[in-house]
Amino acid sequence: MADHNHSQFQHPYFVLTGIPGLEQKYYWMAFPLGAIYATALFGNGIIISTIKSESSLHIPMYYFLCMLAFADMGLTLCTLPSMLGIFWFNYKFITFDGCLTQMYFIHSFSAIESGVLVAMAIDRLIAIWSPLRYGTILTNGVVCKIGILILTRAVCVVFPVPFLIKRLPFYRSNILSHSFCLHQDVMRLACASTRVNSLYGLIAVIFTKGSDSLSILLSYAFILRTVMAIASGEGRLKALNTCVSHICAVLIFYVPLIGVSVIHRFGKHLSPLTHALMANAYLLVPPVLNPIVYTVKTKEIRKKIIQIFVRTKITSEG
């Protein structure tokens, strides 16, 4: 009977962890953290509004960039309440259902971003391999279907995860390792076998980020093969230059992801501070750096930002 009662018991809330060892400096860290979130939201918002308003950017490459910006904004908004709650108000509690909800959206938006990066790689492949047929292959209808497919895959793959967690008993520790809820972090607190959760988590990762990374590698293998067949060196450089922004976005997304995975699997001897910093980098770095990369490479986005600053200056002086 006692075991049965334990199996039905779950903590009413979890306790989130900020950055271990720096609790006394949270007040000072709150301001740069707020600036990071403001930069991510502002940068991705500018990209979306610029693509929407500039008719010259109504092409597949920028439609996919708009999807990437939406995914980054979603990822930012998922962690915003709990992160600012900890560092601004020292509020570390999150309800059990709230934790599952945050977990679902974090992993969903992460899967969406991974899928969009694949779509962008295919976009670059078609643009370089068959530039004359680019517009007829990637029509608006095809781009829309790709976006729906990416969204559907993410929603369906991550959907079972909260239910797999909810069936587990939690009656010992309720202290999480991060400032937000991740599947692996919540799962390790369970007081029962998590074999099913681990197996499904592995399958989900292979089906999303594993297959996506392989697809991106294959796309660039074909891109390099096509580029090397171009006769002039100037033509090769011009073709490769169109891929620079996407390559940066792929590295920005996958390097922190691989770092978190490696540390989680093999870095149990490392300090909690290292784990926390890597997890924060995994979720905060892409939304902040992606807009910067694409702003540097896209003249229309740079002009939009300049216009906003000019208007702001005129308003403040007036």
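How many nonpolar, polar and charged residues are there in the lining of the second largest cavity? Point 5 gives the answer.

1. This is a predicted model, in which local features need pLDDT of at least 70 and side-chain atom pairs count only at pLDDT 80 or more, while totals for chains, interfaces and linings use all residues. Residues are numbered from 1 along each chain as its sequence is written, and side-chain values use heavy atoms, without hydrogens or water.

2. Helices α4 (residues 96-129) and α6 (residues 140-158) pack at about 145°, their axes 9 Å apart; helices are DSSP runs of H or I with at least four residues, numbered from the N terminus. Axes are lines fitted to C-alpha atoms over the stretch in contact, and angles run from 0 to 180 degrees between N-to-C directions. On the α4 side the contact (heavy atoms within 4.5 Å) includes Y104, H107 and S108, and on the α6 side I146, I150 and R153 are among the residues. The contact residues divide into 11 nonpolar, 3 polar and 1 charged. Here Ala, Val, Leu, Ile, Met, Phe, Trp, Tyr, Cys and Pro count as nonpolar, Asp, Glu, Lys and Arg as charged, and the others, Gly among them, as polar.

3. The largest pocket has a volume of about 890 Å³. On a 1 Å grid over the protein atoms alone, a pocket is an open set of points with protein on both sides within 12 Å along at least five of seven lines, a cavity is a set where a 1.4 Å probe fits but cannot get out, and lining residues have an atom within 4 Å of a point. Of the 30 residues lining this pocket, Q184, G201, L202, V205 and S261 are the closest to its centre. Helix α9 (195-228) gives the largest share of the lining, 11 residues. By class the lining has 17 nonpolar, 11 polar and 2 charged residues.

4. The largest cavity holds about 60 Å³ of space. Its lining consists of M61, M120, D123, R124, T242, S245, H246 and Y294. H246 lies in helix α11 (residues 244-266) and is buried, at 3% relative accessible area (buried means under 20%, with a 1.4 Å probe and protein chains only). Beyond its neighbours within four places in sequence, H246 is in contact with L117, M120, A121, Y220 and Y294.

5. The second largest cavity, with about 30 Å³ of space, is lined by E54, E300, K303, K304 and Q307. That lining has no nonpolar, 1 polar and 4 charged residues.

Terms used: Helix = DSSP H or I, 4+ residues; strand = E, 2+ residues; numbered from the N terminus. Buried < 20%, exposed > 50% of the residue type's maximum accessible area, 1.4 Å probe, protein only. Points joined across faces, edges and corners; volume = space filled by probe spheres on them.
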